[in-house]
Amino acid sequence: AMGFDITEAEIFSAPQAALRYLQQRPNAQCKLYLADDVRADFASVRQTQGVPSHIVVGDIGPVWDYDLLNRLLQDLLEGAELIAIHKNKFWQTEHGLRLDIGAFIAALEYASNHPAKVMGKPSRDFFDLAVHDLGLPKSAVAVIGDDIDSDVQGAQRAGLYGVLCKTGKYREDYCRSSGIKPDYLIDSIRYLPYLIPR
């Protein structure tokens with residue numbers, strides 16, 4: 001809809017990775033904390049009101065509160081596995097940067113003493129799955145994004161090029177203090193073709 005010549009089959013998202021993971025576990029019983037449009041993609045997943053085997057957490061905005069965090073913690077202490085759609089620190093809104101789910105995931109990991117299974121960026125598994133779908137060697141793949149942590153460092157840790165775009169959540173001071181060095185730095189994706197060897 002934004003004018004890009006891309007088919008649905010070419011899109012590989014973190015929710016798709018989480019769904020694949022659950023489909024490989026036929027006895028999974030889940031609690032889903034996802035936006036309504038993403039939740040619809042999980043219609044085939046068995047849900048429970050009791051103690052789940054898996055908890056899937058994505059972008060739920062203002063739903064977060066202490067009561068929800070404590071309910072999640074109790075399920076984790078009962079043995080549920082925490083699946084995070086991603087672990088981003090913050091995201092860009094019309095009102096500036098806002099806390100993303102990474103902080104809540106980190107709090108739940110700390111309190112339950114169990115690491116989450118991160119399905120999206122910056123998980124190496126996520127990048128590896130996407131590269132596998134492309135059918136390309138890692139040396140031919142670059143990740144372009146505005147997040148120095150999830151996009152650039154995540155890509156580099158997976159053996160890919162990390163291209164930082166100075167749009168969206170990009171903040172020069174934060175990037176400088178992060179110590180992460182992108183392979184390329186561009187002002188806009190319009191400059192991306194100049195990075196591709198001819």
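Strand β7, residues 142–145, pairs with strand β8, residues 161–165, in the parallel sense, over four bridges. Pairing here requires at least two DSSP bridges between strands. Strands are DSSP E runs of at least two residues, helices H or I runs of at least four, numbered from the N terminus.

A word on the model. It is predicted, so local features need pLDDT of at least 70 and side-chain atom pairs 80 or more, while totals for chains, interfaces and linings use all residues. Residues are numbered from 1 along each chain as its sequence is written, and side-chain values use heavy atoms, without hydrogens or water.

Back to the strands. A142 stands opposite Y161 in β8. G145 has L164 as its bridge partner there.

Now the sheet. It is open, with three strands in the order β7-β8-β9 and parallel pairing. β7 and β9, 184–186, are at the edges with a single partner strand each, so one side of each has no neighbour in the sheet. The twist averages 20° from one strand to the next.

Next, helix α6, residues 148–157. It lies across β7 and β8, at about 160° to β8. Angles run from 0 to 180 degrees between N-to-C directions, with axes fitted to C-alpha atoms, for helices over the stretch in contact.

Last, a helix pair. The axes of α3, residues 66–77, and α4, residues 102–112, come within 10 Å and cross at roughly 45°. Which residues of α3 and α4 make the contact? From α3, L69, L72, L73, L76 and L77; from α4, F104, L108, A111 and S112. Contact means heavy atoms within 4.5 Å.
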